[in-house]
Amino acid sequence: MLLRSSWQLAQLFQAVLARVLTFLGAAPSPAVLAVASAAVLTPAPRLGPSGEKPRQNTPPRSPAPPVTLIHLHVPKSAGTSLRGALAANFGPGEKIAIRPADFDATIDRMTAVQRAGLRMIFGHLPHGVGARLDQPVIYLCVLRQPGPRLLSFYRYIRRQADHPLHRLLNERDMSFGEYLTFCLDHPTMRLEVDNGQMRRLAGRLAQDSLGHEHDIFRLALEHAFAPDMVLGLTERFTAFLDNLVAMGLIRSHSEARENAAPETASFEEARAALTPEQAAILSRFTEWDQKLYDICAIYLFGLDPQEGH
């Protein structure tokens, strides 16, 4: 991990942000400006023995009044592991897993007392669902390098018998590249793989979001650096858990990586096997997620995307 002084970090962060905004052809929103001019200039926290402590969005203190943590679970970003690591911090009536399609109905069935007692909501949820609750919420989101995430998602579908696409992919014996082409031609299957991390963070996972990536990216940045968001990286998973403890959001954690893909060919090998057309689809499906990941990595750890992670 590459660590920098706060001045170097600010220069690097603002340089990357400037490149992205120049590409977008528009000025940053006030929320993004605030991040570039203020948050990134604050002194970095003292590192622990592991050297892995990330920057914190808020000072480390116990939240008051009690808040509800909402996990925006990006598929194949250690989300199942996060759920397992946090479970011991909450009682049976304080935690619940909800499918996105069932969120409103589930909340409506609960009494006001039950809703107020929620302390942890898990699920493949988009940003914004916390508006259904009366109490303050804090969103948790862990991002992963986009290319490896898509490959891991593809492999997960191939081996997970209860996934809706499992039978189709295996009957057709789809390669990774063929799966990408299939998703491009089927909009309902495309949202999760076409810059799905950006869309989830922006709260825009509907089909009508396709083709509006510039606006969605700006919104994802605003949500990423808002006071009610705590970000982490799959590649720095323990640091994310330690940060939640330091911020007083949980008492403790027991890290255990679950639902991890078996060790197989690397992402670079899988990418090298793509046809030029399939490689172009992969680039299209990861372009915005890569920008988002790079900016967040710089903010959290001072990692330089140009020098590798």
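A salt bridge here is a side-chain nitrogen of Lys or Arg within 4 Å of a carboxyl oxygen of Asp or Glu, and in this predicted model such bridges link Arg 190, Asp 194, Arg 199 and Glu 213 in a network.

**View 1. The salt-bridge network contains Arg 190, Asp 194, Arg 199 and Glu 213.**

**View 2. Arg 218 and Asp 215 meet through their side chains in a salt bridge.** The N to O distance in this pair is 2.7 Å. Both residues belong to helix α11, which spans residues 213–224, and because Arg 218 and Asp 215 are three residues apart in that helix, about one helical turn separates them.

**View 3. Asp 102 and Arg 99 form a salt bridge between their side chains.** The distance from N to O is 3.2 Å. Asp 102 is partly exposed, having a relative accessible area of 34%, whereas Arg 99 is exposed, with a relative accessible area of 57%.

**View 4. Arg 144 is a buried residue that has no salt bridge.** Arg 144 sits in the loop that runs between strand β4 and helix α6, the latter covering residues 146–159. The nearest side chain of opposite charge belongs to Glu 235 and is 4.7 Å away; the pair is therefore not counted as a salt bridge, for which nitrogen and oxygen must lie within 4 Å. The side chain of Arg 144 instead reaches the backbone oxygen of Lys 76 at 2.8 Å, and it also makes a polar contact with the side chain of Ser 152 at 3.4 Å. When residues up to four places away in sequence are left aside, the residues that Arg 144 touches include Ser 77, Arg 149, Gln 197, Thr 234 and Tyr 293.

**View 5. Strand β1, made of residues 68–71, has buried residues pointing both ways.** Thr 68 and Ile 70 point one way from the strand, while Leu 69 and His 71 point the other way, and all of them are buried. β1 pairs in the parallel sense with strand β4, residues 137–143, over four bridges, and in β4 the bridge partner of Ile 70 is Tyr 139. β1 also pairs in the parallel sense with strand β3, residues 120–122, over two bridges, where Leu 69 stands opposite Met 120.

**Setting of the views. The protein chain holds 14 helices and five strands.** Of the 309 residues in the chain, 48% are buried. Among contacts between residues at least 6 apart in sequence, 72% join residues that are at least 24 apart. The chain exposes about 14,300 Å², of which carbon and sulfur atoms supply 54%.

Terms used:
Residues are numbered from 1 along each chain as its sequence is written. This is a predicted model: local features need pLDDT of at least 70, side-chain atom pairs count only at pLDDT 80 or more; totals for chains, interfaces and linings use all residues. Side-chain values use heavy atoms; hydrogens and water are left out. Buried means under 20% relative accessible area, exposed over 50%, partly exposed in between (1.4 Å probe, protein chains only). Two strands pair if DSSP finds at least two bridges between them. Contact means heavy atoms within 4.5 Å. Accessible areas come from the Shrake-Rupley method with a 1.4 Å probe; for residues, only the protein chains shown count as cover. Lys and Arg count as positive and Asp and Glu as negative; His and the chain ends are not counted. A polar contact is a pair of N or O atoms within 3.5 Å; within protein, one must be able to donate a hydrogen and the other to accept it, and residues adjacent in sequence count only if both atoms are side-chain atoms.
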